[in-house]
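Please look over the fold and the packing of the model shown here, as background for the briefing that follows.

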Amino acid sequence: MTISVSGAGAVLYFSYQELHAHPAFSGTLTRETAHALVHAALAASAQPIPSSMEVSCFPARHGVLLFAFPSMPFRPFSARNFS
């Protein structure tokens, strides 16, 4: 696994061998599995774990890329609310 952390979030790469060997992976990469993989990887590398995060998955040639970034709190748009 390779992890790259920036101010905007983290990018993680898992090879197919690492993905299948990971205890959180059950054979199908679901939203819950992706969150569990990211959470475990960030914890293992002593990186801060956002309380709420968005995870996007993309297939790579020999594995999978996971982009994880903190979720922004929902604020409904209002004409008087431009802060």
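Which pattern does the protein follow when read along the sequence? The pattern is β-β-α-α-β-β, built from two helices and four strands, where helices (H or I, at least four residues) and strands (E, at least two) are DSSP runs numbered from the N terminus. This is a predicted model, in which local features need pLDDT of at least 70 and side-chain atom pairs count only at pLDDT 80 or more, whereas totals for chains, interfaces and linings use all residues. Residues are numbered from 1 along each chain as its sequence is written, and side-chain values use heavy atoms, with hydrogens and water left out.

- Apart from neighbours within four places in sequence, V38 is in contact (heavy atoms within 4.5 Å) with L12, M53, V55, L66 and A68.

- Buried residues (under 20% relative accessible area, with exposed over 50% and partly exposed in between, for a 1.4 Å probe and protein chains only) make up 23% of the 83 residues.
- P59 lies in strand β3 and counts as exposed because its relative accessibility is 71%.
- Between P59 and Y13 the C-alpha to C-alpha distance is 9.7 Å, although they are 46 residues apart in sequence.

**Contacts along the chain**
- Among contacts with a separation of 6 or more, 44% are between residues 24 or more positions apart.
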